[in-house]
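Please open the structure in your viewer and keep the selection tool at hand.

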Amino acid sequence: MTFKEQILQGIPSEMPEKRIYPEGINRAPKRKDILSKEEKQLAIRNALRYFPKEWHKELAVEFAQELEDYGRIYMYRFKPTYDFYARPISEYPAKSQQAAAIMLMMQNNLNPAVAQHPEELITYGGNGAVFQNWAQYLLTIQYLATMTNEQTLNMYSGHPMGLFPSSKNAPRVVVTNGMMVPNYSKPDDWEKFNALGVTQYGQMTAGSFMYIGPQGIVHGTTITVMNAFRKILPKKETPKGKIFLTSGLGGMSGAQPKAGNIAGCVTICAEVNSKAATKRYEQGWVDVLIDNMSDLVVRAKQAQENKEVISIAYIGNVVNVWERFDEEDIFIHVGSDQTSLHIPWTGGYYPVDISYDESNRLIREEPELFKEKVQETLRRHAAAINKHTVKGTYFFDYGNAFLLEASRSGADVMAENQIDFKYKSYVQDILGPMCFDYGFGPFRWVCTSGKPEDLDQTDQIAMEVLQEIMENSPEEIQLQMQDNITWIKDAKKNKMVVGSQARILYADAEGRVKIAKAFNDAVAKGAIGPVVLGRDHHDVSGTDSPYRETSNIYDGSKFTADMAIQNVIGDSFRGATWVSIHNGGGVGWGEVINGGFGMLLDGTLEAEERLKSMLFYDVNNGIARRSWARNEEALFAVKREMERTPELKVTLPNLVEDSIVKGLF
Ligand SMILES: NC(=O)c1ccc[n+]([C@@H]2O[C@H](COP(=O)([O-])OP(=O)(O)OC[C@H]3O[C@@H](n4cnc5c(N)ncnc54)[C@H](O)[C@@H]3O)[C@@H](O)[C@H]2O)c1
């Protein structure tokens, strides 16, 4: 059967052979055994409803075994045998080009070169699912192949509920992932309802089909590191020879050394797992690998003295580095941490003075003792950081719950008021005020022809557009504009494309709209093939997350999720090709609501209208909310936008004198 025939058949008419997987595939970890006997029966009943009755007896036994072995029912047998990758858009069977674009993006998220656990339909983050099982994939892709531009596919956490009549102006797909009645959003609720097969954790760009590999995280991390140095260095001084000390060489954290090199500093990144460190070294993401402290001390001093730009991976615990550098009086300019403290008890954070293997044994066999050791380490970790910050180190939390978990462990990380933390997060201090409040965020695009030449052309177009905009940009955003021009100039050189021909570029509303319009014109002329636009959910407007994206909202509304919901609804009727809204992503289930969109630029006038209307709203919705929260930079941005666009009328806050409210109660 050809690829197209396989897509069109949906669930096959004959039961496929049982699959035996070769060794060496990166499989998802076994999930918690959380269901009662009755609930397990319900999970099997739920899984079997995708298949004809005659198969139930055989599949029931197999699915029960999967549930036993993996804690989930993935329906491995139904994984298609064709290769998964972003084929050029013309290779998909489709009546709607928009639907074909969505198929392309889904296939990219499941490409083994891109996805973390492709057999379990997980793109990244350990649990960021595109679908819960292979039956959902088969049905969805069949719906997409047969739908028209007068229909909309509704997807409930990977499950295609069906095609509903709509209109050509409506989105082709509406995705919801993990949306729960609020009281059912605790971590174990995910375990339970995901095991039952009725919800999934979509992370951000996994369940929304917008993942583009490591490029996205490298760009975001570069912007963060670069601006962290700008905050503390005199204007003309460069980060050369100045140390950025951090930890983690895993999925996202592995971007730090590469970003540090682009930002031009000395990055020292501790990683307890020698395999993870060696992998990053072999990939060329870090320049030097060191496995003992004395060598690290010598090399760090040398890098400082010679004003080098270099990245060093230290195989060991980061706490030892903070402590030893204090003893040696090695000055650290910028410090952070990117261990996985959003999952501290299951291997996200390793205790000091215990070997990696022994720690893993404790996790399995003595979880209570492991927890004690983690908390002890967090207290030591914070104490060592405090010694450096007294000497002038700038430390920021990297959205990994470091300060939250440290505070829960009784570490000395609270501010004098005992409410705030001593240190700010990267969004509070850097990304929020310097980027999101002005509307700059991780805009991205994918060339659906699959041709690298198309990507080169789009890079060139985007650069020219930005250069033109920069000529009249106000002082306040000149730096951001320059950073983005530098990034796009070097984008190809950084060799970050894995999977689809994609590019990320931080841009504000004006930049996004003008770049998109220029792409659409190029598609119309036939210079390039159709382009898919999108963004990371970690952006100006898409995400309500009180300890990350909206951590620099100080009017009390950071615990609300109105912005993300308004955004996804607003985008959907302004022309998005697909929209998605998720519970969980980055910081955990129940901790964040985030949404995004995808939009196909096919060179038509309709596409031009859609991009202008939707991209404008997609950014300015968030700026409006940020300005209502009294954020100075957002107030500047929204007033500027209202001058440019008379139809935009945003409610502005009246600022209150401190003396009026102080002493009232
Ligand atoms: N990069 C970003 O922009 C960004 C943004 C927001 C949040 N985060 C957060 O960063 C965290 C890391 O993400 P990831 O995908 O890299 O996770 P990951 O689990 O793949 O990597 C974390 C690494 O830290 C190592 N580690 C754990 N404890 C250590 C210790 N004490 N000393 C040295 N190394 C240690 C682990 O071995 C692991 O390799 C997550 O909590 C994520 O949510 C990152």
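Predicted model: local features only at pLDDT ≥ 70, side-chain atom pairs only at ≥ 80, totals over all residues.

**A guided tour**

Gln 501 sits in the loop that runs between helix H17 (475–490) and strand E13 (502–507), and with a relative accessible area of 15% Gln 501 counts as buried.

Next, select helix H7 (residues 215–232) together with helix H15 (residues 426–434), whose axes come within 10 Å and cross at roughly 100 degrees, so that the two helices are roughly perpendicular to each other. To see where they meet, show Ile 223, Thr 224, Asn 227, Ala 228 and Lys 231 from H7 alongside Tyr 426, Asp 429, Ile 430, Leu 431 and Met 434 from H15; the residues of this contact divide into six nonpolar, two polar and two charged.

Now turn to the cavities, of which a search of the whole structure finds three of 30 Å³ or more. The largest holds about 100 Å³ of space, and its lining includes Tyr 438, Ile 477, Asp 508 and Phe 636. Helices H18 (509–525), H20 (605–628) and H21 (632–644) each give two or more residues to this lining, with H21 giving the most, five residues.

Finally, select Lys 32, Asp 33, Ile 34, Leu 35, Lys 40, Leu 67, Gly 71 and Ala 195, which line the second largest cavity, a space with a volume of about 50 Å³.

Conventions
Residues numbered from 1 in each chain as written. Heavy atoms only, no water. Axes fitted to C-alpha atoms, helices over the stretch in contact; angles between N-to-C directions. Helix = DSSP H or I, 4+ residues; strand = E, 2+ residues; numbered from the N terminus. Parallel < 35°, antiparallel > 145°, perpendicular 65-115°, else oblique. Contact = heavy atoms within 4.5 Å. Nonpolar A, V, L, I, M, F, W, Y, C, P; charged D, E, K, R; others polar. Buried < 20%, exposed > 50% of the residue type's maximum accessible area, 1.4 Å probe, protein only. 1 Å grid on protein atoms, 1.4 Å probe; cavity = no way out; pocket = protein on both sides within 12 Å on 5 of 7 lines; lining within 4 Å. Points joined across faces, edges and corners; volume = space filled by probe spheres on them.
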